[in-house]
Amino acid sequence: MPTIDPPLALLAELTHRCPLACPYCSNPLNLERAAGELSDQDWRRVLAEAAALGVLQVHFSGGEPMARRDLLALIGAANGLGLYSNLITSGTLGGAREIDAFAAAGLKHVQLSFQDFTAENGDRIAGLAGGHDRKQRFAEAVRAAGLPLTLNMVVHRQNLDGVPDMIEMALELGARRIEIAHVQYYAWALRNRAALLPTRRQLDQATEAVEAARARLKGVLTIDYVVPDYHGVRPKSCMSGWGRQFINVMPSGTAVPCHAAETLPGIAFPSVRNSSLSDIWHRSDAFNRFRGTDWMAEPCRSCERREIDWGGCRCQAFLLAGDAGRTDPVCTLSPDHGVVEAALQEAEGAPPAFVYRRFSAAR
Amino acid sequence: MDRFVVSDSSVLSFAPHIVFRFDEVRQRWIILAPERLMLPDEQAVEILKLVDGKTGVSAIVDSLAARYDQAPRDLIAKDVTTMLQDLADKGCLAGADD
Ligand code: SF4
Ligand code: SF4
């Protein structure tokens with residue numbers, strides 16, 4: 001077995017509680033309730049173990065991480081351990097007072113999500129009236145605290161045409177970076193796929209707008225653009241490979257190589273409640289299951305891209321082809337690619353209504 | 001905001017919230033930036049160690065030229081400026097008085 005490199009980043013999903021109800025949320029359909037969340041003590045131990053294991057960055061996310069009262073203390077703990085901490089937030093709970101305290105505790109960066117560039121459509125997609133305005137004020141507070149700001153825009157057929165305006169909004173709010181990421185179809189997003197998957201034409205226009213803005217704004221605004229893999233020819237390198245860089249700890253303490261992995265059947269995911277992060281990373285069956293290339297079958301096994309995209313996404317292979325060990329169906333070399341083409345066909349029709357993310361709305 | 005253009009007379013420092021440090025686990029220098037990790041090569045590390053918010057780009061070049069006396073100063077100046085401009089474009093470096 002080749003040596004296992006230490007993880008780069010810990011995704012600390014502190015809670016599933018969130019005031020928003022985005023229909024593409026990457027949280028599982030079965031949301032964890034507050035009573036099932038790890039304690040403050042547990043998280044402090046996880047952070048210390050992560051730093052010792054070689055983790056360099058921690059991403060505090062959720063749900064809405066600001067729903068946790070101990071967030072400030074956890075940011076301070078991470079900073080004390082030399083971890084570079086990022087806050088991934090919807091910006092709808094709290095404002096300047098909280099942000100100033102986070103900055104003083106050593107927070108390094110804030111990633112703030114918007115659902116669109118207008119309050120009207122943004123609030124409709126988020127299922128929360130007044131959310132957009134609160135986010136704008138939150139962005140101002142982040143800048144006033146001297147923290148670097150990244151805007152996160154999840155795009156799909158119901159907001160994609162606004163990409164140029166989203167970039168303008170990022171400039172107006174003083175962001176140095178904007179992440180324009182197409183919805184990835186897991187969990188709630190898969191449930192809402194027909195309402196979210198863009199048409200080919202929409203996508204091409206947005207991509208063109210991004211490329212033009214990138215050239216114009218070099219050195220002013222960094223634009224990270226994640227294309228929707230359904231429209232591609234080869235899959236994304238999911239999480240840069242299973243168990244290669246990321247360790248994700250869910251609110252319950254379950255550790256997974258990616259946030260969607262818990263849905264994979266036949267894998268017992270370990271918990272930080274009874275295993276150390278080091279054991280989980282190096283020795284758990286779950287993290288070794290799809291590590292490297294040994295698990296691959298054809299066409300990945302002999303493909304020259306096998307260490308570039310690592311066979312694509314295991315969760316997508318399971319969700320679309322029924323087997324996590326198959327080639328990601330998004331790849332045109334996959335024998336299951338027809339299911340992706342069928343979904344793209346469906347996208348050319350009229351979109352159905354959203355199923356909003358709620359506790360127990362899933363079924 | 002405009003793009004920061006690195007020249008001979010620039011004085012640079014790390015942007016706030018950029019961390020340039022030695023990582024004991026990996027035994028190498030790293031740059032930590034928002035949601036991103038950069039692994040500068042040996043040459044870049046030597047240059048970045050001289051970025052302190054006081055030393056100008058031309059003084060950095062001088063000090064490297066003195067250390068590696070087989071390379072022509074022009075060539076070193078070009079490499080240094082290119083590397084620093086790239087990091088400035090990524091938001092890692094800023095003018096010291098910004
Ligand atoms: S066959 Fe497998 S390794 Fe090759 S491009 Fe497709 S998914 Fe990637
Ligand atoms: S393959 Fe699975 S684990 Fe990896 S990112 Fe995709 S959904 Fe997540």
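This is a predicted model: local features need pLDDT of at least 70, side-chain atom pairs count only at pLDDT 80 or more; totals for chains, interfaces and linings use all residues.
Local features need pLDDT of at least 70, side-chain atom pairs count only at pLDDT 80 or more, and totals for chains, interfaces and linings use all residues. Residues are numbered from 1 along each chain as its sequence is written.

**Exercise 1.** Describe the shell around ligand 2.

Solution. Step one is to list the residues near the ligand, that is, with a heavy atom within 4 Å of it. Around ligand 2 these include Tyr186(A), Trp242(A), Cys258(A) and Arg314(A). Step two is to sort the shell: eight residues are nonpolar, none is polar and one is charged. In this scheme Ala, Val, Leu, Ile, Met, Phe, Trp, Tyr, Cys and Pro count as nonpolar, Asp, Glu, Lys and Arg as charged, and the others, Gly among them, as polar.

**Exercise 2.** Describe the shell around ligand 1.

Solution. Among the surrounding residues are Arg234(A), Cys300(A), Asp309(A) and Thr327(A). Sorted by class, the shell holds six nonpolar, two polar and four charged residues.

**Exercise 3.** Characterise the contact of chain B with chain A.

Solution. First, contact (heavy atoms within 4.5 Å) involves 19 residues from chain B and 26 residues from chain A. Of the area that chain B buries against chain A, 38% comes from His17(B), Arg26(B) and Glu35(B), more than from any other three residues. Buried area is the accessible area (1.4 Å probe) that two parts lose on being put together, summed over both.

Terms used:
Chains are lettered from A and ligands numbered from 1 in the order in which they are written. Side-chain values use heavy atoms; hydrogens and water are left out.
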